[in-house]
Amino acid sequence: QVQLVESGGGLVQAGGSLRLSCAASGIIFSRNTMAWYRQAPGQAYELVAHISARGTPNYADSVKGRFTISRDSAKNTVYLQMNSLKVEDTAVYSCAAPGLKKWGQGTQVTVSS
């Protein structure tokens with residue numbers, strides 16, 4: 001059974017940082033692209049970042065230079081380091097294994113002004 005479990009969300013002031021983690025089980029983690037999506041209230045899902053099985057990252061323009069995606073195959077975990085957070089980064093962040101069409105439950109990130 002595939003499980004993706006996010007952690008690390010919370011409330012932070014604008015300009016602050018958070019690190020999200022997503023622990024994967026039930027998949028061959030090292031062979032899968034992993035991704036972080038987010039959904040703000042009343043808005044569509046947005047692909048924030050993804051990282052290939054080989055570790056090549058890609059970012060949405062809205063987070064480029066502020067967010068860093070990484071993965072640790074020894075821990076079956078993908079991370080999203082978020083720096084210089086803005087109020088508009090407020091959303092539910094979910095990790096995904098897009099190739100397997102599997103998603104986590106999500107973790108709330110709230111950035112206050």
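Threonine 77 is buried, with a relative accessible area of 8%; here buried means under 20% relative accessible area, exposed over 50%, and partly exposed in between, using a 1.4 Å probe and protein chains only. This is a predicted model, so local features need pLDDT of at least 70 and side-chain atom pairs count only at pLDDT 80 or more, while totals for chains, interfaces and linings use all residues. Residues are numbered from 1 along each chain as its sequence is written, and side-chain values use heavy atoms, with hydrogens and water left out.

**Around threonine 77**

- Threonine 77 has its place in strand E8; strands (E, at least two residues) and helices (H or I, at least four) are DSSP runs, numbered from the N terminus.
- A polar atom of the threonine 77 side chain lies 2.8 Å from the backbone oxygen of lysine 75.
- Setting aside neighbours within four places in sequence, threonine 77 is in contact with Ser21, Cys22, Ala23, Phe29, Ser70, Arg71 and Asp72, where contact means heavy atoms within 4.5 Å.

**The open sheet with E8**

- Four strands form an open sheet in the order E1-E3-E8-E7, with antiparallel pairing; two strands pair if DSSP finds at least two bridges between them.
- Strand E1 (3-7) and strand E7 (67-72) are the edge strands, each pairing on one side only.
- From one strand to the next, the twist averages 15 degrees, based on axes that are lines fitted to C-alpha atoms (for helices over the stretch in contact), with angles running from 0 to 180 degrees between N-to-C directions.
- Strand E3 (residues 18-25) and strand E8 (residues 77-82) run antiparallel and are joined by six bridges.
- Across from arginine 19 stands glutamine 81 in E8.

**Strand E9 and its partners**

- Strand E9 (residues 91-97) is largely enclosed by the rest of the structure, because six of its seven residues are buried.
- Strand E4 (residues 34-39) runs antiparallel to E9, and five bridges join them.
- Alanine 35 has alanine 96 in E9 as its bridge partner.
- Alanine 96 also stands opposite tryptophan 103 in E10; two bridges join E9 to strand E10 (residues 102-103), and these strands run antiparallel.
- E9 and E10 form a hairpin with four residues between them, and lysine 101 in the turn has a positive phi of about 55 degrees.
- Three bridges join E9 to strand E11 (residues 107-112), again in the antiparallel sense.
- Alanine 91 stands opposite valine 109 in E11, and tyrosine 93 has threonine 107 as its bridge partner in E11.

**The two faces of E11**

- Thr107, Val109 and Val111 make up the covered face of E11, whereas Gln108, Thr110 and Ser112 make up the uncovered one.
- Strand E2 (residues 10-13) pairs with E11 in the parallel sense over four bridges.
- Valine 12 stands opposite valine 111 in E11.

**The nonpolar core**

- In soluble globular proteins, nonpolar side chains tend to be buried together.
- The largest nonpolar core has 28 residues, of which Trp36, Val78, Leu80, Met82 and Tyr93 touch the most other members; such a core is a set of buried Ala, Val, Leu, Ile, Met, Phe, Trp, Tyr and Cys residues joined through side-chain atoms within 4.5 Å.
- E3, E4, strand E5 (46-51), E7, E8, E9 and E11 each supply at least two residues of this core.
- Beyond its neighbours within four places in sequence, tyrosine 93 is in contact with residues including Leu20, Trp36, Val48, Phe67, Leu80, Met82 and Val109.

**The disulfide**

- What does a search of the whole structure find in the way of disulfides? The search finds one, a disulfide being a pair of cysteine sulfur atoms within 2.5 Å.
- Cysteine 22 is joined to cysteine 95, with an S to S distance of 1.9 Å.
- This pair links distant parts of the chain, with cysteine 22 in strand E3 and cysteine 95 in strand E9, 73 residues apart.
- Both cysteine 22 and cysteine 95 are buried.

**A glycine in a loop**

- The C-alpha atoms of glycine 26 and glutamine 3 are separated by 6.3 Å, although the residues are 23 apart along the chain.
- Leaving aside neighbours within four places in sequence, glycine 26 is in contact with Gln1 and Val2.

Conventions: A polar contact is a pair of N or O atoms within 3.5 Å; within protein, one must be able to donate a hydrogen and the other to accept it, and residues adjacent in sequence count only if both atoms are side-chain atoms.
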